[in-house]
Amino acid sequence: MAVKVYVVYYSMYGHVGKLAEEIKKGASSVEGVEVKVWQVPEILSEEVLGKMGAPPKTDVPIISPQELAEADGILFGFPTRFGMMASQMKAFFDATGGLWREQSLAGKPAGVFFSTGTQGGGQETTPLTAVTQLTHHGMVFVPVGYTFGAKMFDMEKVQGGSPYGAGTYAGDGSRWPSEMELEHAFHQGKYFAGIAKKIKGSSA
């Protein structure tokens, strides 16, 4: 049976969505892995989103909390808000109480990826504080570590991401993920899918 990896994200302006696309490509490159991309429900009104200059949502399907239980591994992506995950993703996690009671996610591998506005805006605090959500569900946090190799030490260009996962800097919103940031995202997807495949294989 194929290993099911879900990429579940929230993206207001599209930066996290762009990373999600590359993560899907990376995870899909692993034989025997089936990847599905989802977005979490929006909690802001169209009026508020319009005032914030948010573009229309993509046609990526909306996931319900209960559907998380169908995955063998899950990568969560979100932008930062004051060094923590955006409230849309937090609201989604807050709605997973039923899964917590049933321990439906316990033992499943999970990873994170993210977008921040600036270099000091949460490339480490955002994923670090997100780990509490995974911990309460008993999920197995899979950081990317330094497996991306020498490129993580490149000081020539500004680049998002950290040992916690792939990341990008949005700046004022006009900066899009760089080639290196997209490579990091692809690598994370591939690396995570390999881990998820091993975990499922060992429990089969």
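Visitor: In this predicted model, which residue forms a salt bridge with Asp94, and how many Å apart are the closest N and O atoms?

Guide: Asp94 forms a salt bridge with Lys90, and the closest N and O atoms of the pair are 2.6 Å apart. Because the two residues are four apart in helix α3, which spans residues 87–94, about one helical turn separates them. Asp94 counts as exposed, at 52% relative accessibility, whereas Lys90, at 32%, counts as partly exposed.

Visitor: Which parts does the salt bridge between Lys57 and Glu42 tie together?

Guide: In that salt bridge the closest N and O atoms are 2.9 Å apart. Lys57 lies in the loop between α2 (46–51) and β3 (73–81), while Glu42 lies in the loop between β2 (33–39) and α2, so the pair ties together parts that are 15 residues apart in sequence. Lys57 has 35% relative accessibility and counts as partly exposed, and Glu42, at 23%, also counts as partly exposed.

Visitor: How are two packed helices described, and at what angle do the axes of α1 and α6 cross?

Guide: Two packed helices are described by the angle between their axes and by the distance between the axes. Here the axes of helix α1 (residues 15–28) and helix α6 (residues 179–203) come within 7 Å and cross at roughly 45°, which makes α1 oblique to α6. The crossing is right-handed. Among the residues making the contact are Leu19 and Ile23 of α1 and Leu182 and Phe186 of α6, and the contact residues divide into seven nonpolar, three polar and five charged.

Technical notes. Residues numbered from 1 in each chain as written. Predicted model: local features only at pLDDT ≥ 70, side-chain atom pairs only at ≥ 80, totals over all residues. Heavy atoms only, no water. Axes fitted to C-alpha atoms, helices over the stretch in contact; angles between N-to-C directions. Parallel < 35°, antiparallel > 145°, perpendicular 65-115°, else oblique. Left-handed = near helix turned anticlockwise from the far one by under 90°. Contact = heavy atoms within 4.5 Å. Nonpolar A, V, L, I, M, F, W, Y, C, P; charged D, E, K, R; others polar. Salt bridge = Lys/Arg side-chain N within 4 Å of Asp/Glu carboxyl O. Buried < 20%, exposed > 50% of the residue type's maximum accessible area, 1.4 Å probe, protein only.
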